[in-house]
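Dear colleague,

Please find the structure below. My notes on it follow.

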Amino acid sequence: MKRHKSVHKMATRFAGGFAKYLVLIFIFAFLLFPVYWMLVTSLKTNVESYRLVPTLWPEQLSVEGYQTLISDGKFLVYYKNNILVSAAAAVLICFISVFAGYALSRFHFKWNVMLLATFSFAQMMPVISRLISLYTILRKLNLTDTHLGLVLAISATQIPFTVSLMASFFDGIPRELEEAASIDGSGRFYTLFHIIMPLVVPGLLAVGVYSFLMTWDDYLHAITLIRSTDLWTLSQGLKLTYLGEVSDWQLINSASTLGTIPMIFVFFFFQKYMIKGLTAGAVKG
Amino acid sequence: MSGKKKGFNIHSRGVGDRLFCLLLLLPAIILCITFIIIPIINSVWMSFTDYKIANLTQGIPGKWNHFANYIRLWDSGKLQSAAWITIFFVAVTVLLTFIISMTLALILNSNIVGARFWRSVMMIPWVIPTVIAGLLWAWIYANPYGLLQYLVSVFSGGEIADFGILNNQETALWGIIIAALWKQIPLMALLLLSGMQSIPDDMLEAAKIDGANYLNCLFRIIIPHMKSVIAVTVSMCIIENFKQYPLFATLTNGGPSGATTTFAVLSYDEAFVNYNYGSGAAVTTVWLLLMIVVVFIFNRVFKRDDS
């Protein structure tokens, strides 16, 4: 009787384990197959893509899409613009978040609480609700259709989150360090730059990479604030140039692949910091 | 020297501390005020005025127009329809994202082979820019030649031969929901997983020794323990989906016949396609209020559950 029961238990455990892997594979197929499909389509000729029965692997490898993108020049301009804008925004965001995060972590004045509340409210705002007036304001400042205006606008969007993220990294550094430094007679700025800052480099990396990824993702700011085609960013260029009534899917998928690969590399390279940062930000609230 | 010694003591908040703190915060405050706070206030004001392209180019301030923007939007039925579509989209997407992410997190948290590897690879859709995600799904949904159309025709035995998920009023929104799920599951699963990992192991062990089955453990120990993480991630997800625009822009642009016109699409079209900025601002104001109400209710319900 006892033996029978344990066999039964083992069977259910085995079935449970099997079901677990089955669900896992199913979810991962959903998450990863579209990425594979993008890559494979970029390597197929259009004639092969437009077959009624799709092929799982290209019968004839073709890099024509990539060649067209590189030789027509436009794509590289969008790419360069996007790298420029995102990198500038990431640097600006890091710079601002380090100072503000430090202030919020170390000082607890009444207005800091108010500021945090305002920040979390600001984070909720849909971009479009701001864009209409942002466009009018930037026009008055002569900043529409410039990368500077775009960088400032997209940086402001990320600041509320990155500041509180940075603050949570500073929270992890003992206050005694500053007290000791101030007893030794070092000034506030000296303490911040030479003693505290080196300790939050992982946090700074997390904020920087996160900002780069998030600003790379921007689409709305670019399409409303930027008009000149030679200033377009990647998302904007992809949508406005390549997606039309008759789409060249090999070209689009090649462009998508090129727009994705650097992000994947950046993420995997800085993964350790990113995951730490993301989870710290959310788990802390 | 003794003054400096007290510099970082919380109990002696000197003028120096205040100035130092303010100085550090200043860049963030300036940027947020100019690019977020002022635009929001300005946009709410604009929604009560007649503000069109001429006002913008000639710098004429908008004129108060007695709620005409709101009345026109309401009478045309556009506002109500956008509200329902937005709420449906948010509710379904958030619910499904949560269920699938939770399942994924639970699986990754059990002793499976290569959990760390799966966790990293899982993040790929999150890293892909939203517009590219839209293009990627647009290709899968393409009619004709899309993968989905082929799969549907195979599984229906050739009965449904040209299925275009985005061309049909009833299915178009589902097409976007699938793309949104694909993009958002990774981050939520990652956050839920990290919340799960903070549950003490001995607690689950003790429950197992006491004979609790898996579902008991899940609902009595795991979920209650993760309450705050769930609250944060779900409200993040609600906000994220309320704001969703790029997927709509790349996949349907609000069509077919307005079936996927959410607040985001409607306000964008009013402001930047019809150049009626006042009307666009009216849509965003209603949108904003609705979002605040939803997030508020969500947090309330969650808090009440707590006690």
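Axes here are lines fitted to C-alpha atoms, for helices over the stretch in contact, and angles run from 0 to 180 degrees between N-to-C directions. Helices are DSSP runs (H or I, at least four residues), numbered from the N terminus. The model is predicted: local features need pLDDT of at least 70 and side-chain atom pairs count only at pLDDT 80 or more, while totals for chains, interfaces and linings use all residues. Residues are numbered from 1 along each chain as its sequence is written, and chains are lettered from A and ligands numbered from 1 in the order in which they are written.

In chain B, helix α5 (residues 78–109) packs against helix α13 (residues 227–243) at about 140°, and their axes are 9 Å apart. Where the two helices are in contact (C-beta atoms, placed from the backbone, within 7 Å), α5(B) contributes residues including Phe89(B), Val90(B) and Phe98(B), and α13(B) residues including Val234(B), Ile238(B) and Phe242(B). This contact comprises 8 nonpolar, 4 polar and no charged residues (nonpolar: Ala, Val, Leu, Ile, Met, Phe, Trp, Tyr, Cys and Pro; charged: Asp, Glu, Lys and Arg; polar: the others, Gly among them).

Between the chains, 82 residues of chain B are in contact with 80 residues of chain A. Helix α2 (residues 15–46) of chain B gives the most to chain B's side, with 19 residues. That side divides into 62 nonpolar, 15 polar and 5 charged residues.

Yours sincerely
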